[in-house]
Amino acid sequence: MRERARFLSHLEMVDVLLAALRRAGFEVALSQGMRPKPVISLALARGVGVASEDEHLSVELVGDDHDPADVLARLVATCPRGVVPLTCAPAGPKADVTGATYRLAFAAPAAAVEAACASYRGADELVVERSSPKGRRRIDVRRFAPDPVCEDGAVHVRIAILEDGSAKPDEVARALDQRADGGLGRAAITRLAVHTAPRGARVGAVETP
Amino acid sequence: MEQHDLQARIEDLLGSVEKPSRYIGGEVNEAVKPDAGVRVALAYPDAYEVGISNQALQILYGLVNDRTAAAAERVYCPWPDMADAMRREGVPLFTLETWRPVRDCDLLGVTLQAELTYSNVLELIDLAGIPLHAAARGQGDPIVLAGGPSASNPMPLARFVDAFFMGEAEEGMERIVAILEATPDRAERLRRLAELPFLYLPERGEEPVERAIFADFAIDTAPTRPVVPYASAIFSRASVEVMRGCTRGCRFCHAGTWYRPVRERPVEDVVRAGLEQLGCTGYDELSLTSLATSDYSGVERAIREIKAAKPDLHLSLPSNRVDTGPVALSAAANSRQRSITLAPEAATQRMRDIICKTITDEMIERAIDAAFGAGYTSLKMYFMIGLPLETFEEVQGIVDLGFRAREIGRRHHGDNGRFTVHVSASNFVPKPHTPFQWDGMAPPEQLRVKQDYLRRALRGRQLKLSLHDVRTSMLEGAIGRGDAITGDVLEAAWRAGARFDAWTEHHREDAWRDAFRAAGRDLEAEATRERDPLDPLPWDHVRSGVSKEFLLDEWYRSRAERATGDCRWDGCTDCGACVGPVRNRLVEA
Ligand code: SF4
């Protein structure tokens, strides 16, 4: 999900991929029940505006003699600008998403970003406010993302998905911004990797360094 | 502002607005020609999800990009949150394909599909940083061209638009692009454009201008590579226009005049275009569009051949005649569809004779019976209220027909059956170039009384009613038949904050009322005003091909409650639309 395609919402993205699969000549299987739906899912929802180098799409295609290399080649040809399929493999056993690593690029000078990272790591608690249609909530982002590090001027941070929830990358960026003296400004966010583990692997807390 | 700087600033804005996908472009089948010498911005003056669903603009987009060296790029009206942010940050209106400023294009072409988008036309011009008044523009400013059905009365927008395209743009657009390519000089371009018979340039005075008719519609191949919208579009389906024009002669209908005569596309062409489109878009639904698809003489063969190639396809036939045949056709086209629409428009025989809707009570009942018999569980019926010569009987007729439909539905699905009769009643708004162009709208209080009555009377299980906002209908009526002074009103209303007038949440009745008052007019008086057939009309210089005598004759026949036959089957009534090679062209006898 590169360039402007990062502004597609999760649902728009699913729709775009369904149409790309149909253009590529594949039929997506439908679920059972009163209101059959295409069997397709993206492993981890992505905030609008967040770019991504790693998305896990799973989809059930009608027919059983699909060659992964062929599926990939055809899908590459039919995806719109900025949506770039990278690999394709037969589905393995079910897995849980346990977290994702993000790159947060701030416009502020590298030294300021470095200092904010250090201050963040040293804090006991980093609370940001999350507002949603359901109301406002206070989130301690450090519980989910204890260890941001600075690499080539940008922050790399792994955010865990725990049994009771997770933090959003822009919330971590806001917490970093709060730790910097003059502020860091808004971050350009890229998801670098989605982490999975065998089903049932999610835990209640991450170890803090 | 440098191009990469503009891109970065647009990206910044997108982080904080609703539905940023409205502005990003990059959809499948988008055409990008970054090195084209001539660039044309094609704009729809409403939100992305409405504009991208418009077939006419998709046709023009494909035509300019495929058949000329010029680049056509798209623009939709930024939603108020984005427009405000753009003004605040000094970001000019940009095209979706290359994110370049519209102001740097050679032409800004705006399609006028509805009067309630006029304030958005001003919004687009202003956001682009183009002087609002055509008279204030000069070398370096794009030429602002407006086309589409509502251009048939250009006067309300005459001050803001350099040239109006009258009629069907397929052939004319290539000639316009050729002029843009021939010279970069703005004045010279305008001089040459003024020579085209289908262009009206307000600065040249009210010279007669003729509607362009695409005579080759039936011969030329249908376009097959539409841009595939992101999920939010109001229509996400492939569509092939099977026929242009309709000669049924409904007297309220603008399209019934503006697209005469009837030209049908060969069935082979329809089938090929439909299948190709499905392949290159990934849609799972195909719509065979026209003003009345069940009138297309090749419809049965087209359905058969498409279904033979794609048995599971959702095939839809919008705009059907009210009769058993079309209901059976719809059922055959899409066996999974559970809902069907019928448009009797009026519920009594008298009113249908007045509006020239040549269907009988019996045909309507048979169609309802056939629909429920075919397994449909949702029946939508469209009516109008506030029509000329309407009495309370007609409104009662809508109630009676609603209940009658429910009774028929219960016969098929049982008294407690799960089905709905959905009655929709819109407000009649007189349109230029129609036999009812001289009639006024019903006064708002009368429309409200009738709506209240419908609300009270059409209640019960399995019944649903939807009504149109009287305020927006009155506005549509007040500006649609307007003149140059309406342009003053429009500008004042837009300056006071009017935009997205068709969206209830943005409709600014106060701004419009004040603007009419400032121009010495009253909104309701304008909408309800009857015109004297002897007085000139603001759009008299626009020649639709259908003569004013014919329209007036039809108006008289309406007062005599007499319908007129369809010239495809009942003989020519000499409306004037057929000239030379332009005539009704049916594919099957
Ligand atoms: S000129 Fe005659 S045949 Fe042609 S559209 Fe008019 S009424 Fe029909």
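**Group meeting: domains, chain contact and ligand shell**

I start inside chain A. Domain 1 of chain A and domain 2 of chain A bury about 880 Å² between them, and carbon and sulfur atoms account for 61% of that. On the domain 1 side of chain A, the residues that lose the most area to domain 2 are Leu44(A), Val50(A) and Asp54(A), which together make up 53% of what that side buries. Before going on: this is a predicted model.

The bounds, for orientation. In chain A, domain 1 runs over 3–78 and domain 2 over 95–198. Their C-alpha centres are 28 Å apart. The contact itself takes 12 residues from domain 1 of chain A and 11 residues from domain 2 of chain A.

How many salt bridges does the rule find across the interface of domain 1 and domain 2 of chain A? The count is 1. Glu55(A) and Arg191(A) meet in a salt bridge through their side chains, at 3.2 Å, N to O. There are also 7 residue pairs in polar contact between the two domains of chain A, both partners at pLDDT 80 or more. By class, the side of domain 1 of chain A that touches domain 2 has 5 nonpolar, 3 polar and 4 charged residues.

As for the fold of chain A, the secondary structure comes to 4 helices and 9 strands. Along the sequence the pattern reads α-β-β-β-α-β-α-β-β-β-β-α-β. The C-alpha atoms of chain A fill a box of roughly 55 × 35 × 30 Å along the principal axes.

Next, chain A against chain B. Here 16 residues of chain A are in contact with 27 residues of chain B. The buried area is about 1,600 Å², with 55% from carbon and sulfur atoms. In chain A, the most area is lost to chain B by Arg4(A), Phe7(A) and Arg23(A), together 41% of what that side buries.

The rule finds 3 salt bridges across the interface of chain A and chain B. The side chains of Arg22(A) and Asp284(B) meet in a salt bridge at 3.9 Å, N to O. Which element of chain A gives the most to the side that touches chain B? That is helix α1, residues 10–23, with 6 residues. The chain A side divides into 7 nonpolar, 1 polar and 8 charged residues.

Now chain B on its own. Domain 1 of chain B covers 3–212, and domain 2 of chain B is made of 217–468 + 546–570. Their C-alpha centres are separated by 31 Å, and the contact takes 30 residues from domain 1 and 28 residues from domain 2. Between them these domains bury about 2,400 Å², 50% of it on carbon and sulfur atoms. Asn29(B), Glu168(B) and Arg211(B) supply 25% of the area that domain 1 of chain B buries there, more than any other three residues.

Between domain 1 and domain 2 of chain B the count is 4 salt bridges. Lys431(B) and Glu115(B) meet in a salt bridge through their side chains, at 3.0 Å, N to O.

Last, the ligand. The residues that surround the ligand include Thr247(B), Arg260(B), Asp574(B) and Asn584(B), and also Cys567(B), Cys572(B), Cys575(B) and Cys578(B). By class, the shell has 6 nonpolar, 4 polar and 2 charged residues.

Technical notes:
Residues numbered from 1 in each chain as written. Chains lettered and ligands numbered in written order. Predicted model: local features only at pLDDT ≥ 70, side-chain atom pairs only at ≥ 80, totals over all residues. Heavy atoms only, no water. Near = heavy atom within 4 Å. Nonpolar A, V, L, I, M, F, W, Y, C, P; charged D, E, K, R; others polar. Domains from an automatic or database assignment. Contact = heavy atoms within 4.5 Å. Buried area = accessible area lost by both parts, 1.4 Å probe. Polar contact = N/O pair within 3.5 Å; in protein donor to acceptor, adjacent residues only side chain to side chain. Helix = DSSP H or I, 4+ residues; strand = E, 2+ residues; numbered from the N terminus.
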